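Visitor: I'd like to go through this one piece by piece, with numbers where you have them. Please show me the sequence and the structure to begin with.

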Amino acid sequence: MDRKPIVAGQFYPGSKEEWEKKVREYLQPEEGQAKVQAKLVMLPHAGHMFSGHVAGATLARVELPSTLLLLGPNHSGQGQPAAVWPDGSWQLPGAKLEVDSQLASKVIEADPDLSADTKAHKAEHSLEVLLPFVWAMNPETSIVPICISLPDRQKLTRIAKSLASLLQSLDKDVGLVVSSDMSHFLPEDEAKAQDDLALQAILDLDPDRLLEVVAKNQISMCGILPMYLGLKVALEMGAETSQLVRYATSGDVIGDRSHVVGYAGVIVS
């Protein structure tokens with residue numbers, strides 16, 4: 001089944017000419033900067049005018065494999081708690097990315113809590129917003145979109161081990177892309193203080209502390225569950241370092257610092 005775009009013309013421009021031009025501007029690397037072989041990247045998913053520069057700066061620093069597992073949150077609450085889009089393509093205005101249906105099938109078989117389910121994705125924007133960047137980097141990239149709303153630490157840990165074992169058994173590299181914004185709708189100084197706590201746990205490669213810090217401080221990091229899972233998978237696959245490429249808030253764009261959303265781009269390698 002193909003997935004039609006639902007936030008084109010809202011979160012990013014509605015024509016390929018417009019979104020591709022802007023995305024390529026965001027993806028310009030800094031001069032002389034070497035690219036990293038990333039095991040995982042965490043990217044924000046707000047409208048491109050707000051967070052596109054963070055996503056672009058982060059992706060400009062990495063070499064991505066031509067197959068990606070995309071892990072995003074479930075804002076709508078619909079569908080299964082660990083929902084894998086099984087086949088077809090994800091469409092954008094004037095472009096599309098194919099789902100790796102063979103890998104999707106193996107992902108679904110890897111753990112009993114991973115389900116073939118399109119309902120969780122149909123009203124969810126967090127992965128779609130990143131696809132123009134993925135396409136611009138390599139239009140031949142194949143994807144396996146996974147929507148995570150499973151709040152069970154033990155099950156997520158088991159899924160991480162299952163996914164890592166699967167990925168390590170393959171004869172090709174598969175990258176992990178996690179979609180998450182940081183804190184929502186706080187004064188900017190409070191947002192930065194809260195986000196610093198969560199980001200430090202990520203930079204220390206400590207997913208359990210990340211989960212605990214977010215819960216204890218009630219940090220409204222919408223992609224906490226997919227990031228917890230993604231970090232666990234990356235660690236199982238030998239991740240050793242994590243770096244923050246860029247942090248920004250919506251206040252940088254609109255000028256209102258009283259009510260911001262935080263955005264961070266992180267590379268785990």
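This is a predicted model: local features need pLDDT of at least 70, side-chain atom pairs count only at pLDDT 80 or more; totals for chains, interfaces and linings use all residues.

Visitor: How are helix 8 and helix 9 oriented to each other?
Guide: The axes (lines fitted to C-alpha atoms over the stretch in contact, with angles from 0 to 180 degrees between N-to-C directions) of helix 8, residues 207-216, and helix 9 come within 9 Å and cross at roughly 165°. Angles under 35 degrees count as roughly parallel, over 145 as roughly antiparallel, 65 to 115 as roughly perpendicular and the rest as oblique. That makes the two helices roughly antiparallel.

Visitor: Which residues of helix 9 meet helix 8?
Guide: A contact here is heavy atoms within 4.5 Å. Helix 8 contributes Pro207, Asp208, Leu210, Leu211 and Val214, and these meet, in helix 9, Ile224, Leu225, Met227, Tyr228, Leu231, Lys232 and Leu235.

Visitor: Now for another pair: which residues of helix 6 are in contact with helix 3?
Guide: The axes of helix 3 and helix 6 come within 9 Å and cross at roughly 140°, and the two helices are therefore oblique to each other. Their crossing is right-handed. Leu103, Lys106, Val107 and Ala110 of helix 3 make the contact with Ser162, Leu163 and Leu166.

Visitor: What do the buried residues of helix 6 pack against?
Guide: Buried means under 20% relative accessible area, exposed over 50% and partly exposed in between, using a 1.4 Å probe and protein chains only. In helix 6 the buried residues are Leu156, Ile159, Ala160, Ser162, Leu163, Ala164, Leu166 and Leu167. They pack against strand 4 (67-73), helix 3 (101-110), strand 9 (142-148), strand 10 (175-179) and helix 9 (224-236).

Visitor: What span does helix 7 reach from its first C-alpha to its last?
Guide: Helix 7 runs over residues 188-203 and has 16 residues.

Visitor: Is aspartate 189 buried or exposed?
Guide: Aspartate 189 belongs to helix 7, where the buried residues include Glu188, Ala191, Gln194 and Asp195. With a relative accessibility of 59%, aspartate 189 counts as exposed.

Visitor: What phi does phenylalanine 185 take?
Guide: Most residues other than glycine have a negative phi. Phenylalanine 185 sits in strand 11, residues 184-186, and is exposed, with a relative accessible area of 51%. Its phi is positive, near 60°.

Visitor: And what phi does glutamine 218 have?
Guide: Glutamine 218 lies in the loop between helix 8 and helix 9. It is exposed, with a relative accessible area of 70%. Although glutamine 218 is not a glycine, its phi is positive, at about 50°.

Visitor: How far apart are the C-alpha atoms of tyrosine 263 and valine 54?
Guide: Tyrosine 263 is placed in strand 13, residues 260-268, and is buried at 3% relative accessible area. Leaving aside neighbours within four places in sequence, its contacts include Pro44, Phe50, Val54, Met182 and Tyr247. Tyrosine 263 and valine 54 are 209 residues apart along the chain, yet their C-alpha atoms are separated by 7.1 Å.

Visitor: Which residues does glutamine 78 contact, leaving aside neighbours within four places in sequence?
Guide: Glutamine 78 is in the loop between strand 4 and strand 5 (82-84), and at 32% relative accessibility it counts as partly exposed. From arginine 257, 179 residues apart in sequence, glutamine 78 is 32 Å apart in space, C-alpha to C-alpha. The contacts of glutamine 78 are with Lys119, Ala120 and Ala123.

Notes. Residues are numbered from 1 along each chain as its sequence is written. Side-chain values use heavy atoms; hydrogens and water are left out. Helices (H or I, at least four residues) and strands (E, at least two) are DSSP runs, numbered from the N terminus. The expected span of a helix is 1.5 Å times one less than its number of residues. A crossing is left-handed if the near helix is turned anticlockwise from the far one by less than a right angle, and right-handed if clockwise.
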